[in-house]
Amino acid sequence: MNNVPPLDLTRQYAQIGDEITAAVQKVLASGGYVGGPAVKSFEREFADYIGVSECVGCNSGTDALILALRALKIGPGDEVITTPFTFFASAETISAVGATPVFVDIDSETFNLDVELLEAAITDKTKAIMPVHIFGQPVDMTRLMEIATRHNLAVIEDCAQSVGAQWQSRKVGSIGHVGCFSFYPTKNLGACGDGGAVTTNDPALAASMRVLKEHGQSSRYFYEEIGYNSRLDALQAVILSIKLRYLDSWNVQRQEKAALYTEFLSRVPGVAVPKELPEAKGVWNQYTIRLTSPEEAQNPSGNFRDWMRAQLQEAGIGSMVYYPLPLHLQPVYKSLAYQAGQLPKAEQVCREVLSLPMFPELSRDQQERTIYGLKDCLAKADRIR
């Protein structure tokens, strides 16, 4: 039997490869590889898609966060509240500008930060909140924006995994002061290499980020501040423009796959399926379950999730672990003095999460193999115990 991969980008390319090849060849023949009309066109298209007035292309989602933080004048002595359950870049960028990340525990059903814990974490040093719409599921932005407005805090939406997701019919990246996107190939809107963008309705913030991403250059060879070389190249821009036309249909396919997973797994003992809030419309960059076990010590080997993942792999079913260790317990943040048990939900989730195969072209047969393979592995675990 063929294996079931966690992701297969070759199927997407097979669908639109001719369009991409033609567009790339046109750029190559033009001789204009950095900036230019291709980038400007994509920035306008993406701003319109998100529902904002401004889009600034850059070379990665990580740089998008740094540009946003810098444009908001966040730096040494400042604090930014975020989640411990996310990719490292969310916290890394806060540290990179000299500020301090402050971690708030999560809701273990949605995997997003628990907005009801935000106010207790706000101090006189807090300058911003960085919600991460993890796995393509929106944070409760209504409540979060109420808190941010009351405390006069900037909101930086980390939308790296959530392009096209909506909260109360508004796309993420249009609700906070800035939205930061990654176009890494594994994302719902993925380039053929690195890429990123920042969205905003604030022209002054956009202007600042455009200067920062060009070495701090306000006009040719005149520099206002220390910036970066963070440009979205023309080849990636034309690829993204093509893929943007398909994004909504791809997201619908992801939503259909997620619904099928939930239908088949929601009543399986030992499996906790992810929760989607009623006001949210997620785009399922990952479909992540929790494998729960009442007594870890009785499981076939140390960590039940890791054992299950190995069993699935033996059965030809790929899966991923996002993320095995929360950020507040990472060695690099030892100086922040967080202790094990301080953010218990994030810590528990990191022991339990497993992301199942998820991409638009995933077939019904592959999904059923995954579902029944998971059930078979759970049954095997029960027999061993």
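Here are legends for several close-up views of this structure, which is a predicted model.

Local features are described where pLDDT is at least 70 and side-chain atom pairs at pLDDT 80 or more, while totals for chains, interfaces and linings use all residues. Residue numbers start from 1 along each chain as its sequence is written, and side-chain values use heavy atoms, with hydrogens and water left out.

**View 1**
Leu28 sits in helix α1, residues 9-30. Helices (H or I, at least four residues) and strands (E, at least two) are DSSP runs, numbered from the N terminus. Leu28 has 42% relative accessibility, so it counts as partly exposed. On this scale, buried is under 20% relative accessible area, exposed is over 50%, and partly exposed is in between (1.4 Å probe, protein chains only).

**View 1. Helices α3 and α4 pack against each other.**
Here you're looking at α3 (residues 61-71) and α4 (residues 89-96), with axes 9 Å apart and an angle of about 40°. Axes are lines fitted to C-alpha atoms, for helices over the stretch in contact, and angles run from 0 to 180 degrees between N-to-C directions. That makes α3 and α4 oblique to each other. Under 35 degrees would be roughly parallel, over 145 roughly antiparallel and 65 to 115 roughly perpendicular, with the rest called oblique.

**View 2. Glu214 has salt bridges with Lys213 and Arg231.**
Side chains of opposite charge can pair when their charged atoms come close. A salt bridge here is a side-chain nitrogen of Lys or Arg within 4 Å of a carboxyl oxygen of Asp or Glu. For Lys213 and Glu214, the closest N and O atoms are 3.8 Å apart; for Arg231 and Glu214, they are 3.2 Å apart. Arg231 lies in the loop between β11 (222-223) and α8 (234-244), and Glu214 in the loop between α7 (203-212) and β10 (217-219), so this pair ties together parts 17 residues apart in sequence. Lys213 is buried at 9% relative accessibility, Glu214 is partly exposed at 22%, and Arg231 is partly exposed at 31%.

**View 3. Glu146 and Arg143 form a salt bridge.**
Their closest N and O atoms are 3.7 Å apart. Glu146 and Arg143 are three residues apart in helix α6 (residues 141-150), so about one helical turn separates them. Both are partly exposed, Glu146 at 42% and Arg143 at 22%. The whole structure has 16 salt bridges.

**View 4. Tyr221 has a positive phi.**
Its phi is about 70°, although Tyr221 isn't a glycine. Tyr221 lies in the loop between β10 and β11 and is exposed, at 57% relative accessible area.

**View 5. A cis peptide bond joins Tyr322 and Tyr323.**
Omega is about 15° for this bond. You'll find Tyr323 in the loop between α10 (304-314) and α11 (344-352).
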